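Colleague: I have not looked at this structure before. Could you take me through it?

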Amino acid sequence: MKGYITDPAAPGGLRLADDLPEPKPAANELLVEVRAYSINRGELFLLKMRPDGWRPGQDLAGVVVRGAADGSGPAAGIRVVGVVDWECWAERVAVPSHLAVPLADHVSFEEAASLPVAGITAVRAVRIGESLLGRRILVTGATGGVGQFAMQLAAAGGANVTGLVVGPEREAEARAYGAHHVVTSLDDDSLGTFDLILDGIGGQVLTDAVHRLNPGGTAVTYGTLGGPAPLGLLDFPRGPSCKLVPLFHGYPEETRGEDLAVLVGLVAGGQVKPLLGLVRDWKDTLEVLDALRERRVRGKAVLTRSGADA
Ligand SMILES: NC(=O)c1ccc[n+]([C@@H]2O[C@H](COP(=O)([O-])OP(=O)(O)OC[C@H]3O[C@@H](n4cnc5c(N)ncnc54)[C@H](OP(=O)(O)O)[C@@H]3O)[C@@H](O)[C@H]2O)c1
């Protein structure tokens, strides 16, 4: 079977092998033929951290080749989106049945593959805000993989959404994906204050954002692209206690599929539209990893397996 594997002797430390063992699904796992996968920024770090011979890949969409032996989950022939811990940058992968969600016919494999890790993170981050109606929400990294989903979900829930982007060239895109206001800096008192902050950047950005929290407000931190945040008691507003909530998308594990299904439903209904900044054939995975590393991707980067490969 073909699939990507880390190899220190290969350019970029990763190669497309053609001699990988076929997946051996457990009783509660489906065998899925992968048609598309997306790459998460966190996978850039995993590729460096994992031992040689590791097989990456978390977000996938494809067709069930064989249903789970225990009868759980979607049956053979059904188009699905799924999330795994590794090994889906390959022709086929075993997917736990509770982490595979059936797709409506009009949702493409490319759109579906963009959803799992970034989308589940966004669903869970937005939910931490509980009631969204009329609330002021700040999303940092607004046109990033997680940010674009978070903005759309918050807007769909009735929030007033402000997106923080790196420059004015991102403004139109942020507005198209749910922002009511777009800013390039938090150093502006006319911005006002926020009930909920969703942040994947950390560093000074998170500290500046916390300065703009309403008393009793909540800041969710799910990433540290800008390094650790210098943050202490006096950065928070006086008054009812604020919350700073760390979020790891994988927990709780057992409801990850349910949260993915929420997003799949919103995409099928047209309320959420994935921002696909780069879609390429899976043979270009190394180039797409470079593009992600060099911050040349907006929204999600998706790789497809089609034509002779599929
Ligand atoms: N906790 C979890 O479970 C979880 C899940 C998913 C992601 N994450 C983490 O969350 C972070 C964001 O993930 P993602 O997939 O959304 O990444 P992404 O697609 O690369 O998006 C990041 C966004 O933040 C902007 N940005 C990057 N560095 C910045 C900086 N130093 N200052 C200001 N803006 C900056 C980027 O702007 P440009 O467009 O200019 O690059 C982009 O819009 C990453 O650290 C990732 O590892 C964590």
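Predicted model: local features only at pLDDT ≥ 70, side-chain atom pairs only at ≥ 80, totals over all residues.

Colleague: Understood. How many residues surround the ligand, and which are the closest?

Modeller: The ligand is surrounded by 22 residues, and the closest are Arg41, Gly145, Tyr222, Leu247 and His249.

Colleague: What lies 2.4 Å from an oxygen atom of the ligand?

Modeller: That is a polar atom in the side chain of Arg41. Gly145 instead places a backbone N or O atom 2.8 Å from an oxygen atom of the ligand. For Arg170, an N or O atom of the side chain is 3.0 Å from a ligand oxygen atom.

Colleague: How much of the ligand's accessible area does the protein cover?

Modeller: On its own the ligand has 910 Å² of accessible area, and the protein covers 84% of it.

Colleague: Which helices each supply at least two residues of the shell?

Modeller: They are helix H1 (41-49), helix H3 (116-128) and helix H4 (145-156). In terms of domains, at least three shell residues come from domain 1 (3-115 + 274-309), and at least three from domain 2 (123-246).

Colleague: And how do the shell residues divide into nonpolar, polar and charged?

Modeller: Eight are nonpolar, 11 are polar and three are charged.

Colleague: Let us change topic. In what order do the six strands of the open sheet run?

Modeller: The order is S10-S9-S8-S11-S12-S13, with parallel pairing. At the edges are strand S10 (181-183) and strand S13 (243-246), each of which pairs on one side only. From one strand to the next, the twist averages 15 degrees.

Colleague: Over how many bridges do S9 and S10 pair?

Modeller: Strand S9 (residues 160-164) pairs with S10 over three bridges, in the parallel sense. Gly163 has Val182 in S10 as its bridge partner.

Colleague: Now the backbone. Which residues does a cis peptide bond join?

Modeller: Tyr251 and Pro252 are joined by a cis peptide bond, with omega at about 0 degrees. Pro252 belongs to the loop between S13 and helix H7 (256-268).

Colleague: What is the phi of Glu130?

Modeller: Glu130 has a positive phi of about 55 degrees, although it is not a glycine. Most residues other than glycine have a negative phi, and most peptide bonds are trans. Glu130 is located in the loop between H3 and strand S8 (136-139).

Key:
Residues numbered from 1 in each chain as written. Heavy atoms only, no water. Near = heavy atom within 4 Å. Polar contact = N/O pair within 3.5 Å; in protein donor to acceptor, adjacent residues only side chain to side chain. Areas by Shrake-Rupley, 256 points an atom, 1.4 Å probe, with all protein chains shown as cover. Helix = DSSP H or I, 4+ residues; strand = E, 2+ residues; numbered from the N terminus. Nonpolar A, V, L, I, M, F, W, Y, C, P; charged D, E, K, R; others polar. Domains from an automatic or database assignment. Pairing = 2+ DSSP bridges. Axes fitted to C-alpha atoms, helices over the stretch in contact; angles between N-to-C directions.
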